[in-house]
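Trainee: Could you take me through one part of this model in close detail? I would like to look at the places where its parts meet.

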Amino acid sequence: MAVISTVGKIKGYLTALRNVKTLRISRLFRKVHALALSIGLDKIGVLDFLDEPRNLDDVASFIGDVKRLDLLGELMEALANESVLVMQDGRYKVNRAEIDKLHAMRQSNMMFRSLEVLISGFEKILYELMVDVLRGAEFDFVSPEVATLFYIQNTSEVYNLAREVLLELGGGKSRLKGCSILDVGCGFGIEPSIILKFLDFDCRLICADFFTNVVDECMHYTIETDGQTKLLKDLENVEFAVLDPLIRKPFPIPDNYVDAAFCFQVIHWNHYPQELLNEIVRTLKSGGILMLATYMKRKEKVTVTDVLIKMMGGNRFYSEEEMKQFFEKAGLKKHTFFLSNFAVAIKTDANPRTAIIRRTSKTEAT
Amino acid sequence: MKFKVSADCQMCGGNVYHEVELEGDSLSWFNEQLEVAGVAPISIDHGNHVMVVYLDKRGCARSSYTYPIVKEEIVSERWTQIQGVPIQSEADLIFANWKEKKYCILRWNIDTSPEAVLAHAETAKVVSLEGHEFWVLASGDNRMIVAKMVGWQRNLFQMMHEMLSQATLVEPNILVNPAVQAVLASVASNPFMYTSNSSSIFADLKRKVRATRALMLLNGRVGSELITFLECLEHYDTLEECILSASAKQIALLVKNYRSLRNMGVIIVM
């Protein structure tokens, strides 16, 4: 009965997602990101500049002091792939008709509306961040602009729905209630609150993130329980951990410690995906389950979504094939992918690797 | 969390043993102090005196001191009202310094005389006088007396007390610090807005605080009064100067969101 119930719930969620026109998630994500980046280029005058065909060096000179010509090239190519730009004799020209279409979708499509904070973020300030990155500045996801963006974005209905879908895919209440769960990349608090409410507070949750300010905010997130408003840090079944973003140090969690790990929209941000997965798997008990969400590309070529992530200090997205390889190297032999965005894997190895791969520099990142 | 405290009490004349339980914000504050200073104080009421014991991270007493409470002299002692900087308060509110026997009134639209309430202000307590309920909050020499308003639950007492304790850490005499008064008045005026997100603001009052460009992302998402306040930060050398020029609503919004603004990087402390 429990299996039927879980399948039924997943179908319900998928219907909900279909109703809000988000089932073509990958394509829509790309469209949203193409709009955001084109708005960024418009704000700095590049789109007007591209009313006439220009080559990459022309665009770089127009922006001025560009040190990341590689990234600018990826940006132009990715926007050309989305038809925002067209190529003419090796030169780029703006396609106003496509941009108008994207602006129209911004008004009508649920996915666009749910990511409005990102789009409007490029209108307000993120275009400056984009220029800074092209000029060689480094950002990470606790840069003020990016942290603030995610603080707002993380409350989006689509994200919350997707988190519940992932919990259902991981076995739902029947499997996860009473379990110890490691939430990797817990963020500012909304995610742990969704997990706790989904499981009727019947779990032991470890909220882990890579930055102390994020964990501090999460600790002070308020949640309603038993008719009282409490801080997450005051709940007896909730603990917190700060993780090393470079994964040079092991997570401060013992081997074979948790029944489940939840990793929502994190892996593409981290520059060390294999090491991150290795560490998650190390903390999982044998038979433990990993629930992971990330957009998985069909092909390995660079997309607008990759470029957007790079503009904000992240790494990149991976193809399903790449994800399979990460999983298998980490010791996750049984894995299933759903809708190119969700993955569930079981740890079957009774003797997991306990040593993480050590590195000395960022240049060795995947 | 329970602590087994064994320490010398000078006034009792020997070693005494107590079990003290800390929870909620008190425990958080205690832990924060441990982080910062390596020791943190716990106060224990011994009737006619209070023993303050400093515990280290292992819960061992590192030092202790006592101070007496002389109840008989309280009523007879004269209090002196001083004029402070005008600060808006939507609650009937008095700040006082217990040791100096001075007080200032932010708002007091009640028949009961302030000195009648102050006579009971030797320790934190709830006082019922002439049909009114007054909350006496005490930390060090600082006293904050607020007339309970309809709908206030006792958990707000603990929250306000925690705020006063945090304030006392940076300002032993709040009578001389209008910015601290303004923040506390904001808490008393809007107690339901209060969360422990506010506590770190006191430590930053004397520091230069600036908004970053991430503030642009909050346009339309938080009150415009707060945006205006944050934009003005660059014109002031310290946070407290900016607070003293702010409206009550701006202060309330700032206090409510302070921790989050810092954690997001919307404001940075120089």
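**Where the parts meet**

Mentor: Start with the rings. This is a predicted model, and a search of the whole structure finds 13 aromatic pairs over all chains. Take one of them, A:Tyr159 with A:Phe264. Their ring centres lie 5.9 Å apart, and the planes make an angle of 70°. That pair is edge-to-face. The cut-off matters here: planes over 60 degrees apart count as edge-to-face, so 70° qualifies. Now place the two residues along the chain. A:Tyr159 sits in helix α10 (residues 157-169) of chain A, while A:Phe264 belongs to strand β8 (residues 258-264) of chain A. They are 105 residues apart, so the pair links distant parts of the chain.

Next, a loop in chain A. Find A:Asn237 between β6 (228-231) and β7 (238-242) of chain A. Its side chain reaches the backbone oxygen of A:Cys203 at 2.8 Å. Now set aside the neighbours of A:Asn237 within four places in sequence. What is A:Asn237 in contact with then? The answer is A:Leu196, A:Phe201, A:Cys203, A:Arg204 and A:Leu205.

Now step back to the domains of chain A. There are two: domain 1 covers 19-137 and domain 2 covers 154-365. The C-alpha centres of domain 1 and domain 2 of chain A lie 29 Å apart. How many residues touch across this boundary? On the domain 1 side of chain A there are 27, and they are in contact with 18 residues of domain 2 of chain A. Together, domain 1 and domain 2 of chain A bury about 2000 Å² between them. Carbon and sulfur atoms carry 77% of that area.

Look for charged links across this domain boundary. The rule finds 1 salt bridge between domain 1 and domain 2 of chain A. A salt bridge can also be picked out by name: A:Glu74 pairs with A:Lys310, with the closest N and O atoms 2.9 Å apart. Polar contacts across the interface of domain 1 and domain 2 of chain A come to 2 residue pairs, counting pairs with both residues at pLDDT 80 or more. Which elements build the domain 1 side? Those giving two or more residues are α2 (25-43), α5 (69-81), α7 (110-114) and α8 of chain A. Of these, α2 of chain A gives the most, with 8 residues. By class, the side of domain 1 of chain A that touches domain 2 of chain A has 19 nonpolar, 5 polar and 3 charged residues.

Move on to the two chains. Here 23 residues of chain A are in contact with 19 residues of chain B. Chain A and chain B bury about 1900 Å² between them, and 53% of it is on carbon and sulfur atoms. Three residues stand out on the chain A side: A:Lys124, A:Thr148 and A:His220. They supply 27% of the area that chain A buries against chain B, more than any other three residues.

Salt bridges between chain A and chain B number 4. Look at A:Asp216 and B:Arg259, whose side chains meet in a salt bridge at 2.8 Å, N to O. The polar contacts between chain A and chain B come to 11 residue pairs, with both residues at pLDDT 80 or more. Three helices of chain A, α8 (116-134), α9 (144-153) and α13 (212-219), each supply at least two residues of the side that touches chain B. That side of chain A divides into 11 nonpolar, 4 polar and 8 charged residues.

Finish inside chain B. The buried area between domain 2 and domain 3 of chain B is about 660 Å², with 74% from carbon and sulfur atoms. In domain 2 of chain B, B:Ala179, B:Val183 and B:Ser186 lose the most area to domain 3 of chain B, together 49% of what that side buries.

Note on methods: Residues numbered from 1 in each chain as written. Chains lettered and ligands numbered in written order. Heavy atoms only, no water. Buried area = accessible area lost by both parts, 1.4 Å probe. Contact = heavy atoms within 4.5 Å. Polar contact = N/O pair within 3.5 Å; in protein donor to acceptor, adjacent residues only side chain to side chain. Helix = DSSP H or I, 4+ residues; strand = E, 2+ residues; numbered from the N terminus. Nonpolar A, V, L, I, M, F, W, Y, C, P; charged D, E, K, R; others polar. Phe/Tyr/Trp six-rings, centres within 6.5 Å; stacked < 30°, edge-to-face > 60°. Domains from an automatic or database assignment.
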